[in-house]
Amino acid sequence: MAIMAGFTAVLLYMGACFAFAWFSINPRRLTYSQVLEKEIRRNHLDPQLANLPFTAVYCPAPGGGRLMGRLYQNPGDQRSISTGKYVLFFHGYNAPWASGLKYLPLLWRLGFHVLMAEQPGHGESSGRFITYGAREAKAGLVWLSWLEGQQGASLAETVVMGESMGAATALLTAAACPQIGFCIADCSYSSWREELLYQGKKRYGPLAAALIPGVGLWCRLLTGVSFSDVEPAAAARNIQCPVLLFHGDADTVVPVAMAQKIAEANPAAKLHIVKGAAHANAIAQAPEEYGAAVEAFLGLRGACFFKEKVGV
């Protein structure tokens, strides 16, 4: 009887862990229109940004399939900008493409072309499971190689940037590519394990801590990726380029303490906390403050000289 009860308890435990892991790595995918609607509502995004022209580009995905990206060529006076300046932007968890549009006007005004990469398993990029930055960073290295080889980009002038899971991806990509010029990470979590634990406690209470070991086991079995493969705070120690961290102090998805942990791991990183900003909301909450921080970080103070030409 005791053996049967123990066996049942194990099955229940592993079943609960499986459910937690499954919905974490394989959520019901949001469509472009759903993400765009959310961005318009939460961040007061100008819907016209979705109509800006772009070039669809494709690359082979690590492990098979293909990656898709949207290249937004800077419409400013090409005599006034370096055509080799690029931002490689990574969107967040289950938020393909449209979530990056709110950053486009600022990046254009600073003279950059912008490649918005569809993360693996999102939008038109291949992949079934979301790995919180592990496979996503490998895809980031593919995009950097494409920018350098196909666009003539100088990696020393290239910025890797992202929000939420995309910020974690940017940090992991920068750690793996010492040639990169700059890294901007907006509301990144400090580790995959810590983020799932934080979210689990909100949903399941204290029980979440007991579930995490089993969740990690299922994630590894299903994706081949371990929690230890996604630790942006630990990776930050190895980043050689300048790092700018943004976080809102009203973020209830990724607590600001995680950004502080990343900053502590890399004392050279600059942490900019935006008061009153919710998750992935800092640029909408304080656009002038955000833009000034990015300009100063990149050494481009006063670089908005073709603002009227860009028209955004």
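Q: Why is arginine 220 called partly exposed?
A: Relative accessible area is judged by two cut-offs: buried means under 20%, exposed means over 50%, and partly exposed lies in between, with a 1.4 Å probe and protein chains only. Arginine 220 has 40% relative accessibility, so it counts as partly exposed. This is a predicted model, in which local features need pLDDT of at least 70 and side-chain atom pairs count only at pLDDT 80 or more, while totals for chains, interfaces and linings use all residues. Residues are numbered from 1 along each chain as its sequence is written, and side-chain values use heavy atoms, with hydrogens and water left out.

Q: Where does arginine 220 lie, and what is it in contact with, leaving aside its neighbours within four places in sequence?
A: Arginine 220 belongs to helix α7, residues 207–223. Helices are DSSP runs of H or I with at least four residues, strands are runs of E with at least two, and both are numbered from the N terminus. With neighbours within four places in sequence set aside, arginine 220 is in contact with Val225 and Ser226, where contact means heavy atoms within 4.5 Å. Arginine 220 and threonine 131 stand 89 residues apart in sequence, and their C-alpha atoms are 9.7 Å apart in space.

Q: Why is tyrosine 132 called buried?
A: The relative accessible area of tyrosine 132 is 6%, so this residue is buried. Tyrosine 132 is found in the loop between β4 (113–117) and α4 (134–150).

Q: What makes the phi of tyrosine 132 worth a remark?
A: Most residues other than glycine have a negative phi. Tyrosine 132 has a phi near 65 degrees, a positive value in a residue other than glycine. Histidine 44 also has a positive phi, near 55 degrees.

Q: Why is histidine 44 called exposed?
A: Histidine 44 reaches 67% relative accessibility and therefore counts as exposed. Its place is the loop between α2 (32–43) and β1 (55–60). Glutamine 48 is also in the loop between α2 and β1; at 52% relative accessibility, glutamine 48 counts as exposed. The C-alpha atoms of glutamine 48 and leucine 101, which are 53 residues apart along the chain, are separated by 10.0 Å.

Q: Which residues of helix α9 are buried, and what covers them?
A: In α9, residues 256–265, the residues Val256, Met258, Ala259, Ile262, Ala263 and Ala265 are buried. Their cover includes the helices α5 (165–176), α6 (192–204) and α8 (232–236), together with the strands β7 (243–248) and β8 (270–274).

Q: How do you know that the protein is as compact as a globular protein of its length?
A: The protein holds twelve helices and eight strands. Its radius of gyration is 20 Å, close to the 20 Å that the globule rule gives for 312 residues, so the protein is as compact as a globular protein of that length. The radius is taken over C-alpha atoms, and the rule is 2.2 Å times the number of residues to the power 0.38. Of the 312 residues, 55% count as buried.

Q: How confident is the predictor, and where is the pLDDT below 50?
A: The pLDDT, the predictor's confidence in each residue from 0 to 100, averages 91 over the protein, and 92% of the residues score at least 70. Over residues 302–312 the pLDDT is below 50, and this stretch has 23 contacts in the model beyond near neighbours in sequence. Where pLDDT is low, the predicted coordinates should not be read in detail.
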